[in-house]
Amino acid sequence: MAERRPIRVLPENVANQIAAGEVVERPASVVKELVENALDAGATRIEITVEGGGAKGIEVADNGCGMDREDALASLERQATSKIATADDITRIATFGFRGEAIPSIASVSRFALLTRPRGQDAATSLTVVGGAVEWVGEAARPLGTTVSVRDLFFNVPARRKFLRAAATELNRIRQTLTAIALANPAIAFRLRADARDLFALPAGDTVADRVRTLLGEALADALLPIHHTEGDITLSGFLSKPDFTGAGAPEQYVFVNRRPATAAQIQYALREAWPIRDRRPSVILFIDLPPEEVDVNVHPAKREVRFRHGDRVIRAVQAAVTLALDARVTPAPEPHAAPPVAPPPRDIRPTAVPEAATVPPLSPIAPLPTPQMPRPRQGDLPCPRPATVAPYPVLRDPPVVTPPPTDPATPATPPAPQPEAQTLPAGETLPWRWLRVADILEPGYWLVVTDRGYVTVDAKAAIERIFYERLAASAGTVPTQPLLIPETLRLPHADAARVTRFLPELTAAGFGVSALDHDTFLIDALPIALAELPPKETLALLAAELDQPGPKKGLDAWRREVVARAAAQAAGRAFRITSKEAVATLMAQLARCAMPYATPRGRPVMILTTYHELDRRFRRT
């Protein structure tokens, strides 16, 4: 039997450290709690300074209402708060920090300092706390507002400190936390400074659209649809990505309930059910406002989740808002007997048409995909001559009519005779068939190809990835570039910008003309010629999200070149849309010359072959 142990009340410092585990998970949790307190204090300007990813130091300064000496000391006590007074207040929470646990929890696991001055007092109150014990209280000078300093987080709880990630990872979590808060409070000025450099400085008076463009990038901002819907006492607003926007990496999803970053199972369900594409989630910045008594924000220690009193109403409202936003982008039908309007081309990060292609160019590190049907500037039209390293684009003509070779008598199944448009593959190719004919282009993104061995279903994105990867990987370090007629600038989210900055030498070696203008903004003046038909800004945005890969498994330089080639291939696969059978035939011939045509660089299948023998077996002909 287990030994009986007496029940005892824990010491206050131990209880505070346990409570800190619920509220203070990592440096980003500290930033969230302190910034929300500043917002509740009516601040219009909040400055955050971070050292060592937040583990070494965090400082949050605001121009809010401040506290007097008595309130400053009371804030260190557990369950001390100015936000609620009775149990009934919990049912109608309209503030951020209301549980009264953040300050004492943070102070119990750090070296904590508070400097605060309210209106009407000449001196500020200054106090320091180490590991939960007050060490000094006095007066100091400070303008109206509060500054909280947190140093050496978890210094007295080494078991918690060792679970913190690298400084860059923790800083990225802080950036994500502040991004959500800044999106919900565009009227407030925010400044984030990390390790003596500014990461962003957001002015007061922005709109949500301004904040999206600054914090989440131009590519996403240009692909958003507005959301405006009211259903009873529920109001929804924000933005939703267009269905044809592929984005870079995981979709950005920010949901706010009464301006509080939070979510609930009903919201995710409603978004999933209303979104028309099953295999891809939308990017969404969604604000849901409803009476405080209709939502319980006290069901999660870190206040990340909420519970609705009438969840079915929220589901219906979210679904209606998404449906209306998507329907609003559809051009209305013209009036009877009226000339139909000329619709502008859809705004899409992918080329909407690929030219009629025919002659199969040899697979080489610089061979481009079939070029879109758009006028290209001649060399004499450019303001300066192109570099001599740029190879000319092949002339694409109608495919020749090729008679397939006779069928091998030893073949057990007799393949059908090819149609006149079938093309013969030269000897020595990797693919195990001698001729092919493109039967159809299927949605969403598959090609159906008939061969002498059976029919092949090809994943278009995967095929283009493989082709581009082998071109770029084979030519790493010697890639000819295509200068842009007009250089473009692109502002990236901080995490993506950090990845691009880290890989700038490898991007240059791979043929990208990219230079940093500041921490988050880049100038693009050239692309590898193999990617010359891709939109430059969208290509770099897609590429940035793919550069964060584990490794290396081989030499560092080789690993980085491979990461860039693999990421560029992913960007090409996501951006190109092939719409003609001739272009597919050209790409199938190029795929045949790849060393490994059956899988993407990350191991995803490119094609599935169903042989005639398998068809005979399934239809019981044999």
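This is a predicted model: local features need pLDDT of at least 70, side-chain atom pairs count only at pLDDT 80 or more; totals for chains, interfaces and linings use all residues.
Helices (H or I, at least four residues) and strands (E, at least two) are taken here as DSSP runs, numbered from the N terminus. Of the 622 residues, 48% count as buried. Among contacts between residues at least 6 apart in sequence, 69% join residues at least 24 apart.

Two helix pairs were examined in detail. Two packed helices are described by the angle between their axes and the distance between the axes. In the pair formed by helix 6 (residues 167-184) and helix 7 (residues 208-216), the axes come within 9 Å and cross at roughly 160 degrees. Because angles over 145 degrees count as roughly antiparallel, helix 6 and helix 7 are assigned to that class. Helix 6 passes helix 7 in a right-handed crossing. Helix 6 contributes Thr 179, Ala 182 and Leu 183 to the contact, while helix 7 supplies Val 208, Arg 211, Val 212, Leu 215 and Leu 216. Classified by residue type, this contact comprises 6 nonpolar, 1 polar and 1 charged residues.

The packing of helix 11 (residues 460-474) against helix 16 (residues 581-592) involves an angle of about 50 degrees, with the axes 10 Å apart. Helix 11 and helix 16 are therefore oblique to each other. The crossing of helix 11 past helix 16 is left-handed. On the side of helix 11, the contact is made by Ala 463, Ile 464, Arg 466, Ile 467 and Arg 471, and on the side of helix 16 by Leu 587, Gln 590 and Leu 591. By class, the residues in this contact are 5 nonpolar, 1 polar and 2 charged.

A search of the whole structure for aromatic pairs returned 1. The pair consists of Phe 256 and Phe 287 and is stacked, with a centre-to-centre distance of 4.7 Å and 10 degrees between the planes. Distant parts of the chain are linked by this pair, since Phe 256 belongs to strand 11 (residues 253-257) and Phe 287 to strand 13 (residues 284-289), the two being 31 residues apart. Both Phe 256 and Phe 287 are buried.

Attention was next given to individual helical residues. Asp 496 is found in helix 12 (residues 494-502). With a relative accessible area of 12%, Asp 496 is buried, because the cut-off for that class is under 20%. When residues up to four places away in sequence are not counted, Asp 496 touches Ala 544 and Ala 545. Leu 324, in helix 10 (residues 311-327), is partly exposed at a relative accessible area of 45%. Leu 324 and Ile 227 are separated by 97 residues in sequence, yet their C-alpha atoms are 7.8 Å apart in space.

Backbone geometry was also considered. Most residues other than glycine have a negative phi. Asp 152, although not a glycine, has a positive phi of about 55 degrees. Asp 152 is placed in the loop between strand 6 (145-151) and helix 5 (158-161), and counts as partly exposed at 27% relative accessibility. A positive phi, near 50 degrees, is also found at Asn 258, a residue other than glycine. Asn 258 lies in the loop between strand 11 and strand 12 (260-261). The relative accessible area of Asn 258 is 26%, and the residue is thus partly exposed.

Terms used: Residues are numbered from 1 along each chain as its sequence is written. Side-chain values use heavy atoms; hydrogens and water are left out. Axes are lines fitted to C-alpha atoms, for helices over the stretch in contact, and angles run from 0 to 180 degrees between N-to-C directions. Angles under 35 degrees count as roughly parallel, over 145 as roughly antiparallel, 65 to 115 as roughly perpendicular and the rest as oblique. A crossing is left-handed if the near helix is turned anticlockwise from the far one by less than a right angle, and right-handed if clockwise. Contact means heavy atoms within 4.5 Å. Ala, Val, Leu, Ile, Met, Phe, Trp, Tyr, Cys and Pro count as nonpolar, Asp, Glu, Lys and Arg as charged, and the others, Gly among them, as polar. Rings of Phe, Tyr and Trp (its six-membered ring) pair if their centres lie within 6.5 Å; planes under 30 degrees apart count as stacked, over 60 as edge-to-face and the rest as tilted. Buried means under 20% relative accessible area, exposed over 50%, partly exposed in between (1.4 Å probe, protein chains only).
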